[in-house]
Amino acid sequence: MRILNLGAGGFIGSHLTEHLLSSGHEVTGVDTHADKIEDLLDHRNFRFIQKDIRQSGFDLDRLVSETDLVIDLIAYANPGIYLRQPLDVFRLNFIENMKIAECCVSRQKRLVQFSSCEVYGKTAASVVPGKLQDPEDPALAIFSEDDTDFILGPVAKHRWIYACSKQLLERVLHAYGLEGRLSYTIIRPFNFIGPKIDYLPSDTDGFPRVFPHFMEALIKGTPMKLVDGGRHRRCYTDIEDAVACIGRIVDNPGRVCDGQIFNIGSPENEVSIRGLAELMRDLYAERFRKPDVPLPEIVEVTAEAFYGKGYDDSDRRIPDISKARTLLGWEPRFGLKEILERAMQYYVREHAS
Ligand SMILES: NC(=O)c1ccc[n+]([C@@H]2O[C@H](COP(=O)([O-])OP(=O)(O)OC[C@H]3O[C@@H](n4cnc5c(N)ncnc54)[C@H](O)[C@@H]3O)[C@@H](O)[C@H]2O)c1
């Protein structure tokens, strides 16, 4: 199949491109940078276009018309950006993504659209804690694609512009689907981790996700900062598990993925951010630590000090993956400790000189 992979140079995009090429597909990748896919640039079935899709001269329509399937990974995907540049998040994650979707409509091409588990927002337990019998019940935090209601924070907490942009895009794709004008599949990733995730904070002007922040603290012996005590919980998912599932969605056997939304995540790997910091510190001490670098302390910081104004967060989210299990026969294989070890190994190799 000829596949247009938009955002091919990112964390998921780099792993997915490798998988698609090894599965025999012809891939055209687009991204603003190629540092995570340098080893793929000479592959005979890979063409890379280094461009910002917003640049004049970027001919999206031609690329879409030449392909069989479009995969759209392009987005600002880090909370630091939602807080500091909310308008840019809306413009890229909704307006620019809409252009891609509309091109697929006009050229009649199938679209695999990356959304986010952030669309679910918070648990009901977190917004009406006193009224629930057992707010700790994990059943209250299990989010399923076609049944769960979305609970987002107020406008003043501008972090939610990311979730809203993704949600609105999903709704537009669904509406095109209702009119029979677009064949699409939506993916909601639940906290993927693996080699090549973001960059260490000191290596970039951007704002990486929590794993690279903790990794830098471990490598340099500086404090591991827990926003608001690190009480929020996440289900971490190995990038290799995730890509195996995405690969099945790309193949779309019997067109079972048409018009579907899929959670991709590892429900068994739930941990609080504090628990993540502690586990990473223990693993680092056991496996990777250099004797002359002290182990970092774990400290608490306020969200405002870390992110600035407008922060809010999902308290807990556990994916219901029964759809991926039944329609795709997919099951995540990696447990939390193994996921972290594999990702940490990459960073240690790349950065600890
Ligand atoms: N990684 C996760 O766990 C996760 C969770 C939820 C949602 N997602 C979604 O999955 C998708 C991919 O996420 P990721 O983790 O790989 O993030 P990422 O930031 O590593 O990848 C996004 C890629 O898009 C590229 N890009 C951004 N703007 C561009 C532009 N104007 N022109 C060309 N390229 C541009 C970036 O350079 C980057 O390489 C995103 O849509 C994200 O919202 C990911």
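Which polar side-chain atom lies 2.9 Å from an oxygen atom of the ligand? The atom belongs to Arg209.

This is a predicted model, in which local features need pLDDT of at least 70 and side-chain atom pairs count only at pLDDT 80 or more, while totals for chains, interfaces and linings use all residues. Residues are numbered from 1 along each chain as its sequence is written, and side-chain values use heavy atoms, with hydrogens and water left out.

View 1. A backbone N or O atom of Phe11 is placed 2.8 Å from a ligand oxygen atom. Arg54 brings a polar side-chain atom to 3.4 Å from a nitrogen atom of the ligand. Of the 810 Å² of accessible area that the ligand has on its own, the protein covers 92% (Shrake-Rupley method, 1.4 Å probe).

**View 2. The shell around the ligand.** The ligand is surrounded by 26 residues (a heavy atom within 4 Å), the closest being Phe11, Asp31, Tyr162, Lys166 and Phe192. Twelve residues of this shell are nonpolar, eight polar and six charged (Ala, Val, Leu, Ile, Met, Phe, Trp, Tyr, Cys and Pro count as nonpolar, Asp, Glu, Lys and Arg as charged, the others as polar). Helices α1 (11-22) and α6 (161-178) each supply at least two shell residues (DSSP runs of H or I, at least four residues).

**View 3. Cysteines without disulfides.** The count of disulfides (cysteine sulfur pairs within 2.5 Å) is zero. Cys103 is too far for a bond because its sulfur is 6.6 Å from the closest cysteine sulfur, in Cys104. Cys245 is likewise in no disulfide, with the nearest cysteine sulfur, that of Cys257, 8.1 Å away. Cys245 is buried at 0% relative accessibility (under 20% relative accessible area, 1.4 Å probe, protein chains only).

Notes:
Buried < 20%, exposed > 50% of the residue type's maximum accessible area, 1.4 Å probe, protein only. Polar contact = N/O pair within 3.5 Å; in protein donor to acceptor, adjacent residues only side chain to side chain.
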